[in-house]
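Student: I am new to this structure. Could you walk me through a few of its side chains?

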Amino acid sequence: MSGQDVDEAAAELGKRIARARRPCALTGAGISEESGVPVFRGPGGMWRERRPEDLATPEAFRRDPLEVWQWYDWRRGLIASACPNAGHRALAALEASNPAFTLITQNVDGLHRRAGSRRVLEVHGSLWRVRCTACRREADDERVPLPLPPACGACGGLLRPAVVWFGEMLSPTVFGAAWEAVKSCDLLLSIGTSGVVEPAASLVRVAAERGTSILEINPRPSALSSIAERVFPYKAADLLDRLKPAP
Ligand code: OAD
């Protein structure tokens with residue numbers, strides 16, 4: 001793609017966003033790729049030849065909590081030394097310019113918050129929070145590296161990451177707010193997600209079923225491309241960096 005193509009695409013995207021009264025964005029791992037955080041599916045998505053579906057489950061944690069924690073600790077270290085990119089910053093700027101904008105993310109990396117987004121619906125939780133498997137107490141924990149396996153400061157029980165694992169329920173409060181947002185938005189940006197993990201992918205489908213325009217930003221086709229009105233086949237930070245700030 002030439003630079004000109006990306007600039008034209010950014011101008012088109014910028015117009016669509018400026019026209020929307022209640023825009024909404026759903027982000028996935030792809031938005032953090034240009035920060036150096038590997039995506040889950042595709043090149044670089046594996047860790048010690050294990051798939052996320054084999055590690056991010058309650059069963060894997062029961063079987064081998066240390067291995068699961070080693071994976072999370074590795075990701076925490078990698079993310080702690082990464083920085084938010086132009087894509088994260090563009091969405092933070094959109095929030096600042098339009099109070100009706102809603103940002104929903106499947107990412108647990110916290111990079112949207114670090115870029116300045118304040119109203120972020122983290123439907124899969126956060127890597128930077130831990131929950132005690134014994135007393136259920138939740139707390140922020142930003143230590144890198146963690147003493148493994150980490151123990152609860154209150155009761156000494158085994159801590160787990162406060163993220164949603166395969167087979168677990170999403171927080172009804174957070175997911176409910178995301179559902180309401182996609183039902184009432186008039187433009188949905190689907191950014192850097194493969195669209196294969198439910199129920200998050202349904203957020204895009206429900207908006208499409210209501211006739212809302214879906215604009216996808218993803219250099220490769222995703223499971224949601226066919227319901228997108230327009231696919232911008234670019235890297236998210238590359239494209240979003242070219243958006244002109246709202247006048
Ligand atoms: P995936 O790893 O499944 O998909 C990443 C998507 O980002 C792919 O479609 C890539 O083509 C695209 N991509 C890669 N680089 C990009 C870039 N620079 N700009 C834009 N797009 C890019 O990640 P998710 O869809 O987020 O769940 O995965 C969904 C969930 O599966 C995650 O939240 C996680 C995982 O298991 C939990 O942690 C519960």
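Predicted model: local features only at pLDDT ≥ 70, side-chain atom pairs only at ≥ 80, totals over all residues.

Student: Which side chain of opposite charge is nearest to E95, and how far away is it?
Tutor: E95 is buried and has no salt bridge. A salt bridge needs the charged atoms within 4 Å.

Student: Which backbone nitrogen lies 2.9 Å from a polar atom of the E95 side chain?
Tutor: Leaving out residues up to four places away in sequence, E95 touches several residues, including F101, G116 and S117. The backbone nitrogen at 2.9 Å belongs to R118.

Student: How many aromatic pairs are there, and what is the angle between the planes of Y72 and W165?
Tutor: The whole structure has five aromatic pairs. In one of them, Y72 and W165 lie 6.4 Å apart, centre to centre. That pair is tilted, with the planes at 40°.

Student: How many residues apart are Y72 and W165?
Tutor: Y72 is in helix α4, while W165 is in the loop between β6 and α7. The pair therefore links distant parts of the chain, with a separation of 93 residues.

Student: Is W165 buried or exposed?
Tutor: Buried means a relative accessible area under 20%. For W165 the value is 3%, so W165 counts as buried.

Student: Which charged residue sits over the ring of W165?
Tutor: W165 belongs to a cluster linked by ring pairs, along with F61, W69, W71 and Y72. Over the ring of W165, 3.8 Å from its centre, sits the charged end of R160.

Methods: Residues numbered from 1 in each chain as written. Heavy atoms only, no water. Buried < 20%, exposed > 50% of the residue type's maximum accessible area, 1.4 Å probe, protein only. Lys, Arg positive; Asp, Glu negative; His and termini not counted. Polar contact = N/O pair within 3.5 Å; in protein donor to acceptor, adjacent residues only side chain to side chain. Contact = heavy atoms within 4.5 Å. Phe/Tyr/Trp six-rings, centres within 6.5 Å; stacked < 30°, edge-to-face > 60°. Helix = DSSP H or I, 4+ residues; strand = E, 2+ residues; numbered from the N terminus. Lys NZ or Arg CZ within 6 Å of the ring centre and 35° of its normal.
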